[in-house]
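Q: I am new to this structure. Please show me how to read its features, one at a time.

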Amino acid sequence: MKKTTRWILIISSFVIVVSILWNTYVFFQKFKEEERTKMKIWAEALGEFLQTTDLDRDLGNLTLAVIKNNTSTPMIYVGKDGEIRSNNLPENKAGDSIYIQKKIKQFNSENDPIEVTFRTDKYGTLYYGNSDVLNNLKYYPIALILIIVFFSAAVYFFFRISKVADQNKLWAGMAKETAHQIGTPLSSLLGWSELLKSENVSPTITEEIEKDIDRLSTITDRFSKIGSVPKLEKLDIISETKKSFDYLKARSSKLVEFNFIAPTEEIYCLVNSQLYGWTIENLIKNAIDAMKGKGRLTIEIKKDKKTVKINVIDSGKGIHKSDYLKIFNPGYTTKKRGWGLGLSLVKRIIENYHDGKVKVLHSVIDKGSTLQILLKTVDD
């Protein structure tokens with residue numbers, strides 16, 4: 001239904017634009033014919049005037065009302081003896097022969113010249129151009145199309161932004177509801193953990209349970225922050241990155257070789273620990289998926305003058321250059337199972353909340369990719 005409505009709107013808009021252009025063209029041609037008829041009458045009046053009047057009189061001083069009334073159409077009269085007179089042209093150009101010849105050529109291309117005669121006598125040729133009204137009318141369709149295009153673009157972006165805003169509200173609501181739902185069994189698990197401790201269960205078991213509870217608490221905290229403005233703290237970006245790196249390294253396949261390269265000195269940035277850790281985990285998981293659980297994964301941190309670059313390097317299948325931007329779009333995925341939200345969340349967290357940048361730095365098909373996070377640093 002929506003697709004049909006969209007096509008009806010597109011076709012209707014096309015028909016309206018074509019109708020406007022066609023009507024404007026018809027009106028332009030009609031106006032042009034009326035202007036030519038007026039110029040023919042003017043030429044006849046001039047021919048009659050010339051056969052009874054001194055030719056030395058300037059065209060601007062003609063006393064005939066029909067001649068005086070033409071104050072809009074630019075024209076040049078060339079007599080059979082080579083005499084040139086102009087009307088409705090700049091006064092300071094009237095004596096410029098190069099300008100006059102150029103105008104004659106222009107007028108000749110705009111309108112067919114009219115012979116100035118009286119009965120069987122020919123006095124000269126009248127060259128005339130389009131009036132200002134006709135010239136403005138010629139550009140009217142272009143202006144109209146531009147207005148329609150800009151208006152359509154404004155409407156499109158308005159609805160697009162509204163749709164994105166509604167989607168963001170929906171996702172934020174779902175995320176907060178998920179956090180709320182996880183909170184109830186999480187509280188229960190905390191109670192059970194304390195009960196197991198009191199029953200003298202092996203500390204190894206309770207420690208592992210507490211790790212998973214902490215993990216669930218972290219996930220709940222992350223979901224609860226979606227849709228809200230997160231609090232940013234001055235933290236060491238190397239330490240924050242290493243925490244997520246070590247967590248996934250301990251829980252990933254032994255077929256993946258993990259490497260962490262970073263300066264020895266601390267690098268401080270304004271970040272939200274939970275959300276930043278989420279981005280690093282998403283990038284690492286994405287890299288492991290690209291390598292199908294086997295290969296080399298490296299996180300490399302480099303400090304620039306006022307920025308820090310976090311490169312996540314894998315030896316996976318690579319990314320086509322045409323997909324460099326697409327992979328960050330919500331819903332885009334090459335997996336059979338997946339919602340395509342991981343990298344879009346990375347982009348949203350880094351760019352919207354941390355005022356940073358995330359991009360595909362480079363990639364080679366079947367050899368690997370490098371995704372880069374760029375953040376501003378703060379003084380120690």
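A: Start with one residue. Asp323 is buried, at a relative accessible area of 14%. Buried means under 20% relative accessible area, exposed means over 50%, and partly exposed lies in between (1.4 Å probe, protein chains only). This is a predicted model: local features need pLDDT of at least 70, side-chain atom pairs count only at pLDDT 80 or more, and totals for chains, interfaces and linings use all residues. Residues are numbered from 1 along each chain as its sequence is written, and side-chain values use heavy atoms, leaving out hydrogens and water.

Q: Which residue forms a salt bridge with Asp323?

A: A salt bridge is a side-chain nitrogen of Lys or Arg within 4 Å of a carboxyl oxygen of Asp or Glu. Here Asp323 is joined to Lys326, with the closest N and O atoms 3.9 Å apart. Lys326 is partly exposed, at 40% relative accessibility, whereas Asp323 is buried.

Q: How many salt bridges does the structure hold?

A: The count is nine. One of them links Asp304 and Lys309, again with 3.9 Å between the closest N and O atoms. Asp304 is partly exposed at 39%. Lys309 is partly exposed at 28%.

Q: How far apart in helix H6 are Lys242 and Asp246?

A: Helices (H or I, at least four residues) and strands (E, at least two) are DSSP runs, numbered from the N terminus. Lys242 and Asp246 are four residues apart in H6, so about one helical turn separates them. Their side chains meet in a salt bridge of 3.0 Å, N to O. Lys242 is partly exposed at 31% relative accessibility. Asp246 is partly exposed too, at 34%.

Q: Is Thr241 buried or exposed?

A: Thr241 sits in helix H6. Thr241 is buried, with a relative accessible area of 0%.

Q: Which residues is Thr241 in contact with, leaving aside its neighbours within four places in sequence?

A: Contact means heavy atoms within 4.5 Å. By that rule, Thr241 touches Phe260, Tyr276, Ile280, Ile299, Ile301 and Ile310.

Q: How should I read a sheet?

A: Look at strand pairs first. Strands of a sheet pair through backbone hydrogen bonds, either parallel or antiparallel. Two strands pair if DSSP finds at least two bridges between them. Now take an open sheet of five strands: its order is E6-E8-E9-E11-E10, and its pairing is mixed. Strand E6 (256-261) and strand E10 (357-364) are the edges; each has a single partner strand, so one side of each lacks a neighbour in the sheet. From one strand to the next, the twist averages 15°.

Q: What packs on this sheet?

A: Helix H6 (residues 237-250) does, touching E6, E8, E9 and strand E11 (368-376). The direction of H6 makes about 170° with that of E6. Axes are lines fitted to C-alpha atoms, for helices over the stretch in contact, and angles run from 0 to 180 degrees between N-to-C directions.

Q: In which sense do strands E8 and E9 pair?

A: Strand E8 (residues 295-303) and strand E9 (residues 307-314) are antiparallel, with seven bridges. Leu297 faces Asp314 of E9.

Q: What is the order of the open sheet of four strands?

A: The order is E2-E1-E4-E3, with antiparallel pairing. Strand E2 (84-87) and strand E3 (114-118) are its edges, each pairing on one side only. Ignoring direction, neighbouring strands are turned by 25° against each other on average. Strand E1 (residues 75-79) is joined to E2 by four bridges. In that pairing, Tyr77 stands opposite Arg85 of E2. Helix H3 (residues 97-110) lies across E1, E2 and strand E4 (121-128), at about 105° to E1.

Q: Which residues form a nonpolar patch on the surface?

A: Patches are made of residues with over 30% relative accessible area and no salt bridge: like charges are joined within 9 Å, nonpolar side chains (Val, Leu, Ile, Met, Phe, Trp, Tyr) within 5 Å. This one consists of Trp7, Ile10, Ile11, Phe14, Val15 and Val18, with about 600 Å² of accessible area together. Accessible areas come from the Shrake-Rupley method with a 1.4 Å probe; for residues, only the protein chains shown count as cover. Val18 lies in helix H1 (residues 2-50) and is partly exposed at 39%.

Q: How many helices and strands are in the protein chain?

A: There are eight helices and 11 strands. The chain has 380 residues, of which 35% count as buried. Its accessible surface is about 24,200 Å², and 57% of that belongs to carbon and sulfur atoms. Among contacts between residues at least 6 apart in sequence, 67% join residues at least 24 apart.
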